[in-house]
Amino acid sequence: MRIGIYPGSFDPLTNGHMDIIERAVEICDKLIISVATNIAKTALFSAQERVEIINNCCKHINNLEVTSFDGLLVDYCHEKNASMIIRGLRTNMDFEYEKSIATVNRKLAPNIETVFLMTKGEYYFISSHLVKEIASFSGDLTSLVPRFAQQKLQQKFPN
Ligand code: ADP
């Protein structure tokens, strides 16, 4: 069974993440979305809230598990028997950052392959950071995040 892990902050889940998830499930037998908890101090949503948002927005996807983790990603992959790490790529900056992470992970765990999925053109500008900024000014989030994430953002930034 080919198990992939899609790790990230997901603070919160965006339509860009959703696109990567929907494409990643097609190349894995099972996809585990793993919310990284080690950035909890700077995150807007708690790990539990981020997991709740993903679970709610991915109800329609079958071969999926949503978890949170801290510590080394490759250790977590071994614990979950995952052979693939899924990451999304938007810009050159993403590429430079991801290249070094993937190289380190390969050194630590040569049996785990990092698989990059290129963002769709319409999502390349979407980031959780941007979405939070727009939410803080009560801007329209309809085309940026799934509906449930939008509701949760509006609760964080009531006007
Ligand atoms: P991290 O803090 O680990 O980068 P993010 O939640 O920001 O966590 O992103 C998780 C993964 O999703 C990363 O691989 C990132 O490049 C990818 N990603 C984020 N937004 C998009 C998007 N709009 N299109 C494609 N991939 C994306």
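Tutor: Helices (H or I, at least four residues) and strands (E, at least two) are DSSP runs, numbered from the N terminus. This is a predicted model, where local features need pLDDT of at least 70, side-chain atom pairs count only at pLDDT 80 or more, and totals for chains, interfaces and linings use all residues. Residues are numbered from 1 along each chain as its sequence is written, and side-chain values use heavy atoms, with hydrogens and water left out.

Student: Which pattern does the chain follow along the sequence?

Tutor: The chain holds six helices and five strands. Read along the sequence, they give β-α-β-α-β-α-β-α-β-α-α.

Student: Which element has the highest mean pLDDT?

Tutor: pLDDT is the predictor's confidence in each residue, from 0 to 100. The chain averages 95, and 98% of the residues score at least 70. Helix 4 (residues 92-108) has the lowest element mean, 95. The highest, 98, belongs to strand 1 (residues 3-8).

Student: What radius of gyration does the chain have?

Tutor: The radius is taken over C-alpha atoms, and the globule rule is 2.2 Å times the number of residues to the power 0.38. For 159 residues, a compact globule would come near 15 Å. The chain agrees, with 15 Å.

Student: What percentage of the residues is buried?

Tutor: Buried means under 20% relative accessible area (1.4 Å probe, protein chains only). Of the 159 residues in the chain, the buried share is 48%.

Student: What share of the contacts with a separation of 6 or more joins residues 24 or more positions apart?

Tutor: Contact means heavy atoms within 4.5 Å. Among contacts with a separation of 6 or more, the share from residues 24 or more positions apart is 75%.

Note on methods:
Buried < 20%, exposed > 50% of the residue type's maximum accessible area, 1.4 Å probe, protein only.
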